[in-house]
Amino acid sequence: MSADAGEQTPLIETVVTTTGSDGVVNCAAMGVRWGEAELVFWPFDATRTLRNLRAHGGAVVHLTDDVLLFVQAALGHPSPAMRPASAIDGSVIEDANAWREVVVTEITPALGELPRSMVRARVVASGTGTRQPLGLCRARHAAVEASILASRLRWLGAERVRAELARLQELVDKTAGPGERAAMDYVRRYVAERT
């Protein structure tokens, strides 16, 4: 791993847009090692994201504090307002706080127990949105963590996921605004429909 996007760079939760062969844009929540010149991320092997990256070789990686968008990208198929990217054939989410357009340089099987691939991508363009980030909110982070757990329901099991959701719900109950409550409700519905 290069020094730019190696272990010393933070793992940031993002929303990644990729475009399919049919022209449909896919939004996926993704943890990304956030370097200045290179990003590294690990999509699951059976996902649209990985298929699109293999087919087209480009993506837009977004920073957002819109927790409902993140949760929907982790568990569903959101369709936020988008515009064309500037340097790749891709789409930028209009309401993102910032983004990086990237071109894939390498896709290799990832080590570990989950069926994933490691994607290295070179940053070719970037931008910032006009909306200021909201700052830290414990409920927002709880909803993000809840969506990650829910997305791994089949590996973690329903009992473990429900127990963790109950713990995270306490943070939401104490500190949430309407967006965080809507995001946590979305996660709970997702888990309830699948267990």
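**Exercise 1: Helix packing**

In this predicted model, α3 and α5 are roughly antiparallel to each other. Derive this description from the axes, and then characterise the crossing and the contact of α3 with α5.

*Solution.* 

Step 1. The axes of α3 (residues 138–151) and α5 (residues 158–175) approach within 8 Å, and they cross at roughly 160°.

Step 2. Angles over 145 degrees count as roughly antiparallel, and α3 and α5 are therefore assigned to that class.

Step 3. The handedness of the crossing of α3 and α5 is left-handed.

Step 4. On the α3 side, the contact is made by Arg138, Ala139, Ala142, Glu145, Ala146, Leu149 and Ala150. Helix α5 contributes Val161, Glu164, Leu165, Leu168, Leu171, Val172 and Thr175.

**Exercise 2: The cavity**

Determine how many cavities of 30 Å³ or more the model holds, and describe the lining of the largest cavity.

*Solution.* 

Step 1. The count gives one cavity of 30 Å³ or more. The space in the largest cavity is about 30 Å³.

Step 2. Its lining consists of Thr17, Thr18, Thr19, His56, Gly58, Ala59, Ile88, Asp89 and Gly90.

Step 3. Two or more lining residues each come from the elements β1 (11–19) and β4 (58–63). The largest share, three residues, belongs to β1.

Conventions. Residues are numbered from 1 along each chain as its sequence is written. This is a predicted model: local features need pLDDT of at least 70, side-chain atom pairs count only at pLDDT 80 or more; totals for chains, interfaces and linings use all residues. Side-chain values use heavy atoms; hydrogens and water are left out. On a 1 Å grid over the protein atoms alone, a cavity is a set of points where a 1.4 Å probe fits but cannot get out, and a pocket is an open set with protein on both sides within 12 Å along at least five of seven lines; lining residues have an atom within 4 Å of a point. Grid points are joined across faces, edges and corners, and a volume is the space filled by probe spheres set on the points. Helices (H or I, at least four residues) and strands (E, at least two) are DSSP runs, numbered from the N terminus. Axes are lines fitted to C-alpha atoms, for helices over the stretch in contact, and angles run from 0 to 180 degrees between N-to-C directions. Angles under 35 degrees count as roughly parallel, over 145 as roughly antiparallel, 65 to 115 as roughly perpendicular and the rest as oblique. A crossing is left-handed if the near helix is turned anticlockwise from the far one by less than a right angle, and right-handed if clockwise. Contact means heavy atoms within 4.5 Å.
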